[in-house]
Amino acid sequence: MRIRTRGFGMLAGIALIVSACSGSPTPVPPTVAPSVSAPSVAPSTPPASVAPSSTPAPSFAQKPGLKIGVVTDIGTLDDKGYNEFSFKGAQDGATAIGVTDPVPSIVPKDASEYAADIQQFVSQKFDVIVTVGFNLTTPTVDAAHKNPNIKFIGVDQSPECILPTGAPDPNFACKGVPATALPNYTSLYFAEDQAGYLAGIVAAYADKGAATPTGVIGAIGGTTLCAPCVRYIQGYTLGAQSVNPSITVKSAYVTHDFSNAAFNDPAGGKAFAQTFIQANKPDVLFQVAGKTGNGVLEAACAANIYGIGVDVDQWASLGAPANACIITSAEKHVESAVAQAIEGIAAGTLTAGDVLFNAKNDGISAADFHDKASLFGPEVTTALNTAMAAMQAGTLVTCPATGCGVAP
Amino acid sequence: MSAPPSPAPAQARSRRSLGARAWAVLAVPALVVILSLLLGAVVILGSELIVTGRKFDPWLWFTAYAALVQGAYGSTDAVIQTLVYSTPLVFGGLAVAFGFKAGLFNIGAQGQFLVGALGAVIVGVALADAPAPIAIVAATIAGIVAGGIWGFVPGFLKAVSGAHEVVSTIMLNYVAVQLLAALVSGPLKVPKSPSPVTYDVGNAAFPIVIGATGHIGIILAIVAAGFVWWLLFRTTWGFEIRSVGANPDAARYAGMRPKLLIVATMTFSGALAGLAGTSVLLGVSHSMTSSFGTTVGFDSIAVALLARSNPLGVLPAAVLFGSMRAGAGLMQINAGIPVELVDVLQATILLFLVASPVLRRLLRLRNVEAGITTAAPSPGLGAGTAP
């Protein structure tokens, strides 16, 4: 009998350890909004003089009763990517308009769940539903069409494509006019090319300042099918050339589909980058490949060249020692955009259809240099500020007129 | 058929009372679920202690479970949604259980699920404008055949070269994932779409028969469970499969052909898993994004274990897991508990099941038919010792 009990105790103990291991990192209580990391407006790019409108006027309409819910894409809530920042943005927006209830989120376990998860919030009579990622486009548009009294915010679901009835268009003829056909749905997208342009400026100066400049900088994207990735790299190229017209910008894409290799394969990204570095001898390498790109940065640091992060300030998010060679990151402010959209709903100013976030409305930036600040003289800051001001004025071309977002 | 191996229940047991027999069958699964729920509550309380900045609520676990139950059974729509979530788990659970009966550990339900869905979407899109009955039947058959092919390959490899099905099915899972990604972002992609997504299957979509989301796959799943039970326990082929699972050497001695049976079993198992994918694609998503993936294949293993490989037991086991999936949404909304709790519950259920000999000794259920534990944990042929 004693043996039996002990056996059971051991079993329970093991089970506890196992489940604690799988359970402990996950609980991310939606109620905690710890000093939500303000989108790091880098000191290198202080709000230019042209930018009084760069942050929305703080005339937040107060709507304390608004119920806001978030449906993320598959994965985890704390993915240091779209899921996490969209969710934080929803929290920020809720706080700004006086909502005190926690903002709940649903993380689907697989793609067949999207519609049902959105429906959960609909059934619970939520007023605003934020959905994250292009995979949720069709279910979100469909739900918006069926529930005209609920506001839907889609992150990264542009360009909006609907039938004149407001239903999702399976053939992508896109005959419907968003403002009239589907006034309760807004898709947020970003001027990645502008962020890339700023990163390109930094890269060109870093190349100049290298011990033995090769005159070559590089960029690695996740997949040719990811239009935002391509825009980042196109802007990067133009930005670098604005500093040094004779610079060579080499770019490559890890894959041509949306398999794991594109964004979720750090080891593959590292191997790909090692080959790329050997072949092209760049001084700077810009990654536009999510977690695959973290492997790219690893390879760059190992090869003693500079790395540039993407989407968020990766110097901060990766931390030491992985950030040893990161000089800046091309940021897009998903968090700020979602928060602004929610404030726009409360104020009644949010327009339907595709809403662009760029330099004008705090949509993009280049991240701080952090410990690499000594590498860059005042002329770099000046160049960044000039470019930022021109973007805000709308006078700077950061993407090719034809084929913007299309890989060569 | 005077074959020596007798996987059939022993005669002696029929003398026992109905209550005792029900207890013998249900005791372990019920205890396992209860233990897992208790452990889940401990995990919730423990994580509350770890996470700072949140007021400690000693009843949070209750709120969570209440929301889980309400989300799964709180309304007619919720119940139907639970059935929708359970449907692929029934097919998947049957696929895995069927393999177990022959002593085969089909970990490839995952890949067969994806390839089955791929087959269904290819034919479904092609026949999107065809008359509904033709389109539905053709797309469903395509899904079954595609899954069957994905099951046939490891079965064939095992029969011919002895390649272990655990290894080959795992490998084929990866192939399936990459195949899906390549097809959905390549030839199957709607040309004008900015993101990788296929066309809608149109008329090939399963008709909705109950409520707003209850598609006909639910009924198909119940029929399938009955069919597999009939196949296993009322046909010669089923008897041979069970015999090979119990003792391949004896089966060969009795004139059966284990290699042929292995290929046939894996193909049929793959076809069932393919049907799981088909039911999700034609019944729920109607088109495929590159994120079309699933945990159904792996959850199915847990379902089959919980059902102790009994095709009829797969039904309640799948509904249990389906309930957790359906209730998870409301649990996240009302209690703020992340969906990973459901993973914790499923994982602990699996863990307790694997350790069920210990539980059985605790409950003094020494003579209870060991069920899957005789056939499953020894994926190699010549599995367990019949009780």
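Predicted model: local features only at pLDDT ≥ 70, side-chain atom pairs only at ≥ 80, totals over all residues.

Biologist: How many residues of helix α4 of chain A are buried?

Modeller: A residue counts as buried if 20 or more other C-beta atoms lie within 10 Å of its own. In α4(A), 8 of the 10 residues are buried. They are A:T137, A:T138, A:P139, A:T140, A:V141, A:A143, A:A144 and A:H145.

Biologist: Which elements do the buried residues of α4(A) pack against?

Modeller: Their partners belong to chain A: α3 (114–123) and the strands β3 (128–132), β4 (151–155) and β5 (185–190).

Biologist: How many residues does the largest nonpolar core have?

Modeller: The largest nonpolar core has 240 residues. Those with the most contacts inside this core include A:V202, A:I342 and B:V314. Domain 1 (38–190) and domain 2 (192–331 + 377–393) of chain A each give the core at least three residues.

Biologist: What does B:V314 touch?

Modeller: Leaving aside residues up to four places away in sequence, B:V314 touches B:V90, B:G93, B:L94, B:A97, B:A225, B:V303, B:A304 and B:A307.

Biologist: How many residues does the contact take from chain A and from chain B?

Modeller: Chain A gives 51 residues and chain B gives 54. On the side of chain B that touches chain A, the largest share, 7 residues, comes from α13(B). By class, that side of chain B has 26 nonpolar, 21 polar and 7 charged residues.

Note on methods: Residues numbered from 1 in each chain as written. Chains lettered and ligands numbered in written order. Core = buried A, V, L, I, M, F, W, Y, C linked by C-beta atoms within 7 Å. Buried ≥ 20, exposed ≤ 12 C-beta atoms within 10 Å, placed from the backbone. Domains from an automatic or database assignment. Contact = placed C-beta atoms within 7 Å. Helix = DSSP H or I, 4+ residues; strand = E, 2+ residues; numbered from the N terminus. Nonpolar A, V, L, I, M, F, W, Y, C, P; charged D, E, K, R; others polar.
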